[in-house]
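Have a look at the sequence and the model, and then we'll walk through a few spots together.

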Amino acid sequence: MFVYAKTTPDFPVQDKPIRTIVIDAGHGGSDPGARGKYSVEKDIALAVALKLGKIVEDAMPDVKVVYTRKTDRFDDVRRKAAIANEAQGDLFISIHCNSAAPLSRVVGHKTRTYRNSKGKKYTKRVPVYQKIPNPAKGTETYVWATTKNNAKAEALRNSSVIVFDANSEETQQLMNATDPETLIMLNTLKNVYFDQSLRLSGLVEDEFTKVGRISRGARQRNEKGILVLHATAMPSVLVELGFISNPEEEDFLNSKNGQDEMAQCIYRAVKRYKDQLERVYNNAEAVRRAAHEQAATAQAQAPAPQPVQHIPATVSAQTELPASGPQTAADNTHYKVQLMTTEKVYARGSSLFSKLNGTIEREDVKQGSQKLHKYIWGNFRTEAEAHAAVYKARQHGFKDAFVVTYQNGERVD
Ligand SMILES: [Zn+2]
């Protein structure tokens, strides 16, 4: 058995599902975004993004805030997505303003003179139009469209969340993505992220409604403007604060009160979202049930057991458990999470496991003529901790993760 000891063998009991939030002020620099009568989208987006970031920094000291820009700067959305991915964000919030083209209204008629093709003059009564602002108003929060899910998988494949070394063989495998395990993992992440994004978008719109804004709803969109949502490898939403083309909303979005209010609303939605995730994390009972079901299914589907032969370690094995504080279980029982069984050997410190704190062990087994590798994570003192860890592992793509029990160092199930 190989033990890949990471720097600190800590345990995910204290783990927070939201550690880094990336805040993206839409547009910037040479790209002003939509224009109102006297203001431009990029400035409002930046003001609200900075206010939101400040609120999060003050109220959630355990959360790191990363900004795609803090000044009036232009970056391609791909660059912004790269900033988010490099930060290994757990959440991406892009802030924008909407705009609708002005309407024309007939305010009278006048007579104009024209010439026909032979040069002869004639007159015609024509309507006189006046441009009026489009009355469209309200907030919208977008998630990426499901039809674009492949683009999201592409972003995940290219992101530092999974890929850490462009030259590694593992990276090459991920880039090919013909590998079923990789596809499963990308799909799992994609679906989890889609669900979470959708949930957050609903919360944001709910908070806007509570303070009396008109909500046009949580929506899916797939045109160009939302590319940044596809390109980020994390749950992502795009918030349209309101219509800059609507004079009333332009005033609101340029006012200190308006900007504070919008930032507060988004913050409250993030808080609810974070609390929900943490509740799920801590809800050991729910995940315990899921894990038992999973284990039962796996057992029912498993082929007839074959003798399992341990392959001797080729490097000096370190089998001692990482220090885990006092053993609380009287019978010296502890728990680990089996992440997956695969033919593939993943490198020491593989980015596949980068979101899982603690040790990853590889156990080599022979099943018939096949050489397989089990990847086992952590060392947990209570079953509840282990079940919480299973939940986390599944979130990170190890959809078949389950709890294994050890007594006095021996696996007992
Ligand atoms: Zn925009």
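Which residues does lysine 110 touch, not counting residues up to four places away in sequence? The contacts of lysine 110 are Lys124, Arg125, Val126 and Val128, where contact means heavy atoms within 4.5 Å.

Before going on, a word on where this comes from. This is a predicted model, in which local features need pLDDT of at least 70 and side-chain atom pairs count only at pLDDT 80 or more, while totals for chains, interfaces and linings use all residues. Residues are numbered from 1 along each chain as its sequence is written, and side-chain values use heavy atoms, with hydrogens and water left out.

**The overall picture**

The protein has ten helices and 15 strands; helices (H or I, at least four residues) and strands (E, at least two) are DSSP runs, numbered from the N terminus. Of its 413 residues, 48% count as buried. Buried means under 20% relative accessible area, exposed over 50%, and partly exposed in between (1.4 Å probe, protein chains only). Among contacts between residues at least 6 apart in sequence, 77% join residues at least 24 apart.

| Pair | Apart in sequence | C-alpha to C-alpha |
|---|---|---|
| Lysine 110 and valine 128 | 18 residues | 6.7 Å |
| Arginine 112 and lysine 124 | twelve residues | 5.4 Å |

Lysine 110 counts as partly exposed because its relative accessibility is 43%. Arginine 112, at 44%, counts as partly exposed as well.

**Two residues in loops**

Threonine 68 sits in the loop between strand 3 (64-67) and helix 2 (77-86). With a relative accessible area of 1%, threonine 68 is buried. Its side chain makes a polar contact of 2.6 Å with the side chain of aspartate 24. (A polar contact is a pair of N or O atoms within 3.5 Å; within protein, one must be able to donate a hydrogen and the other to accept it, and residues adjacent in sequence count only if both atoms are side-chain atoms.)

Arginine 213 is in the loop between helix 5 and strand 8 (215-221). Arginine 213 counts as buried, at 15% relative accessibility. Among the residues that arginine 213 touches are Thr139, Glu249 and Glu261.

Histidine 27 lies in the loop between strand 2 (20-25) and helix 1 (41-59), and glutamate 41 in helix 1, so the pair ties together parts that are 14 residues apart in sequence. Histidine 27 and glutamate 41 are both buried.
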